[in-house]
Amino acid sequence: MSTENDRQPARRTPGRDWRQSRLITGVAPLAASFRLLVSVLLLCFFDSSVIAGKPVNVLLIICDDLNTHVSSSGYQHIHTPALSALAADSLTFDRAYCQYPVCGPSRASILSGLYPQSTGVLDNTADILVERPGTVLLPQLFRSHGYWTASTGKVFHSPKQEPGELVWDEFVRFENDELPVVKTARQQFEATRGSVELPANRQAWRLLQRQAAAPLNAQTPPGHGRSGLTDEQHRDGKNARQVAQWLQQRTHGDKPFFIACGIQKPHVPFLAPDRYFDLYPADLIPFTADRPDLWDSIPRKAISGRYTAFGFELGKENPALRREYMQAYHACISFLDAQLQLMLDALRETGHWEDTVVVFTSDHGYHLGDHFLWGKVTLFDIGTRVPMIVRVPGVTAAGSRCDAVVELIDLYPTLARLADLTPPVDLQGVPLQPLLQEPHGSGETKHAYTIVRRGSDLGYSVRSRHWRYARWPDGEELYDLQQDPDEKMNLAGRPQLAERLESLRDVLQQKQQQASGNRNAAGSSDGAGQ
Ligand SMILES: [Ca+2]
């Protein structure tokens, strides 16, 4: 059971306080002053934690179910000008992968810097602070070192797993305003039966409300379409405006800030303001049809069954329905892109563009009919690869790209190092610092590791620049990503690749051991927390 004591920060070696670490006072003799000046210049050059002499601020923007259908990832058939502009001024990671292709486990992993087998969060109901007491969460680290921390929207998975005051100075989650279709239904209802608030009307109205909203707002089958709302009436419109308001009102005071914005789109239901649908005439949306026998050579456990809820059959294309959903998903992406622009504008207008690290990413990828599948919960590239853009003023080169394999758990140690904070000793991610300055300098040998549950079993995947290997209870997959980037030809049975297969089996075994190796937080010997 969780107790309040479980939710206290773990004991750890504190990093330098930012106020102390950057204050230089007193009058020194000339020679000493010169040495000091050289030291400061060297510090500024080598220590990316100092941006124009100010503490580093952080704006972390994490989208929900956003795959790589964005201009910054090279997808041509999308309108995302804010992402294009951000990428043109930042470093884009082209091979960034989640550690688990489902919201809750992925977010627990990102925000702890740990693989899911160490967080113990392998579904959307588990809470990392219960599963792994004593874990120091990313915003908690910043807060304990003098930062003002705030979140809006879905950063941690759900309100049930919201650590709240433990990690945030302010946190808020918005809802969409009432949909026009619901408003119309409510007015018609009330014209004959009186207020929906009357006790005698509540049950009937709840049923009618659900029916009226379902085509737009249901989870299954996924609602999709033009919401009839304005940008600011949508949850993400409110999220972006909340971030802008915090910046404009300087809610952080004199402290450096760590602001996390959880963008809800393009998670189902795929509804967005009308004008974003106008960008995508359905009959012009392209897709690549798969061959009907695709699944004959792939382990069946690699399938996620969600495609049935969307109304599809395995092995059969339905171009009209596929385009209908793709149009709505793409409209949601253009909508979120416009909200991103608001936040970036606010950073500039408040003078924080050059002292704030900006990270834009997603919790996992998403199938839009690829492999006949819909939704998440797969280990394919489209299900695990995420957009990832990082801007560190004075460090990342404008318009630079990195094709090294990186993992979302790398963000925690990277941000900690940028802010000159001492992270927990047991993080499993690797700081991206060498790549931030030299995107082509290293990262050759890294493998991304992703797992997913299938009942009581797990599927496992490791990926390098060239290969992806997956193991399921009912078979294996091997893809040559240079020849077959869309993963349509499973090579696991090819005799000429037996040696390659064997070496990737070894890599997977090593990753499995590493990933489950930090099940308890450092400093909490019995896992009971501090
Ligand atoms: Ca998600």
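Colleague: Let's start with the sheet: which strands form it, and in what order?
Modeller: In this predicted model, eight strands make an open sheet, ordered β4-β3-β6-β1-β8-β11-β2-β12. The pairing is mixed.

Colleague: And which strands stand at the edges?
Modeller: Those are β4 (170–172) and β12 (400–407). Each has a single partner strand, so one side of each is left without a neighbour in the sheet.

Colleague: What does the twist average from one strand to the next?
Modeller: The average is 15°.

Colleague: Okay, zooming in on β1 and β6: how many bridges join them?
Modeller: Six bridges link β1 (residues 57–63) with β6 (residues 257–263), and the two strands run parallel.

Colleague: Switching to helix pairs: how do the axes of α10 and α13 cross?
Modeller: The axes of α10 (residues 235–248) and α13 cross at roughly 5° and come within 9 Å. Angles under 35 degrees count as roughly parallel, so α10 is roughly parallel to α13.

Colleague: Which residues make that contact?
Modeller: On α10 they include V243, A244 and L247, and on α13 they include F335, L342 and M343.

Colleague: And how do the residues of the contact divide, by nonpolar, polar and charged?
Modeller: The contact of α10 with α13 has 10 nonpolar, four polar and two charged residues.

Notes
Residues are numbered from 1 along each chain as its sequence is written. This is a predicted model: local features need pLDDT of at least 70, side-chain atom pairs count only at pLDDT 80 or more; totals for chains, interfaces and linings use all residues. Two strands pair if DSSP finds at least two bridges between them. Helices (H or I, at least four residues) and strands (E, at least two) are DSSP runs, numbered from the N terminus. Axes are lines fitted to C-alpha atoms, for helices over the stretch in contact, and angles run from 0 to 180 degrees between N-to-C directions. Angles under 35 degrees count as roughly parallel, over 145 as roughly antiparallel, 65 to 115 as roughly perpendicular and the rest as oblique. Two residues are in contact if their C-beta atoms, placed from the backbone, lie within 7 Å. Ala, Val, Leu, Ile, Met, Phe, Trp, Tyr, Cys and Pro count as nonpolar, Asp, Glu, Lys and Arg as charged, and the others, Gly among them, as polar.
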